[in-house]
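Dear colleague,

Please look through it before reading the notes that come after.

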Amino acid sequence: MTNNDIQKIIFDAIDMANNAREDNKQIPTSEDTELYGTEGHLDSMGLVAFLVDIEESFQDTGINLTLTDERAMSQSSSPFRNVESLTEYISTLLKELE
């Protein structure tokens, strides 16, 4: 799975999140979109729902992926801060599953 494939899944999850948001609170669909943190578009509950959507999308392709584990939470720089960092984190996890 390429980084473009991973980003498509992330962008689809952003679209799902945007369906439940008001027009003035939409999350931009971009590689540099801030997801979580001081400039992020998601609060902690929004982040959990967003990550569950991503995990379910991977399950639909036959890949069991857990994004919210001890490893993710213990990193000095959160893999959930933006689309690019999340893409890189998922790519690393997928390589480890091979």
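This is a predicted model: local features need pLDDT of at least 70, side-chain atom pairs count only at pLDDT 80 or more; totals for chains, interfaces and linings use all residues.

Two packed helices are described by the angle between their axes and the distance between the axes. Here, helix 1 (residues 3-19) and helix 4 (residues 83-97) have axes that come within 9 Å and cross at roughly 125°. Angles over 145 degrees count as roughly antiparallel and those of 65 to 115 as roughly perpendicular, and helix 1 and helix 4 are therefore oblique to each other. Their crossing is right-handed.

On the side of helix 1, the contact is formed by Asn3, Ile6, Gln7, Ile10, Phe11 and Ile14, while helix 4 contributes Val83, Leu86, Thr87, Ile90, Ser91 and Leu94. Of the residues in this contact, eight are nonpolar, four are polar and none is charged.

Helix 4 itself consists of 15 residues and spans 21 Å from its first C-alpha to its last, close to the 21 Å expected at 1.5 Å a residue. Its buried residues are Val83, Ser85, Leu86, Thr87, Tyr89, Ile90, Ser91, Leu93 and Leu94. The buried residues of helix 4 pack against helix 1, helix 2 (44-60) and helix 3 (70-74).

Because buried means under 20% relative accessible area, Ser91 counts as buried at 12% relative accessibility. Leaving aside residues up to four places away in sequence, Ser91 touches Asn3 and Ile6; Asn3 and Ile6 belong to the helix 1 side of the contact.

Yours sincerely

Notes:
Residues are numbered from 1 along each chain as its sequence is written. Side-chain values use heavy atoms; hydrogens and water are left out. Axes are lines fitted to C-alpha atoms, for helices over the stretch in contact, and angles run from 0 to 180 degrees between N-to-C directions. Helices (H or I, at least four residues) and strands (E, at least two) are DSSP runs, numbered from the N terminus. Angles under 35 degrees count as roughly parallel, over 145 as roughly antiparallel, 65 to 115 as roughly perpendicular and the rest as oblique. A crossing is left-handed if the near helix is turned anticlockwise from the far one by less than a right angle, and right-handed if clockwise. Contact means heavy atoms within 4.5 Å. Ala, Val, Leu, Ile, Met, Phe, Trp, Tyr, Cys and Pro count as nonpolar, Asp, Glu, Lys and Arg as charged, and the others, Gly among them, as polar. The expected span of a helix is 1.5 Å times one less than its number of residues. Buried means under 20% relative accessible area, exposed over 50%, partly exposed in between (1.4 Å probe, protein chains only).
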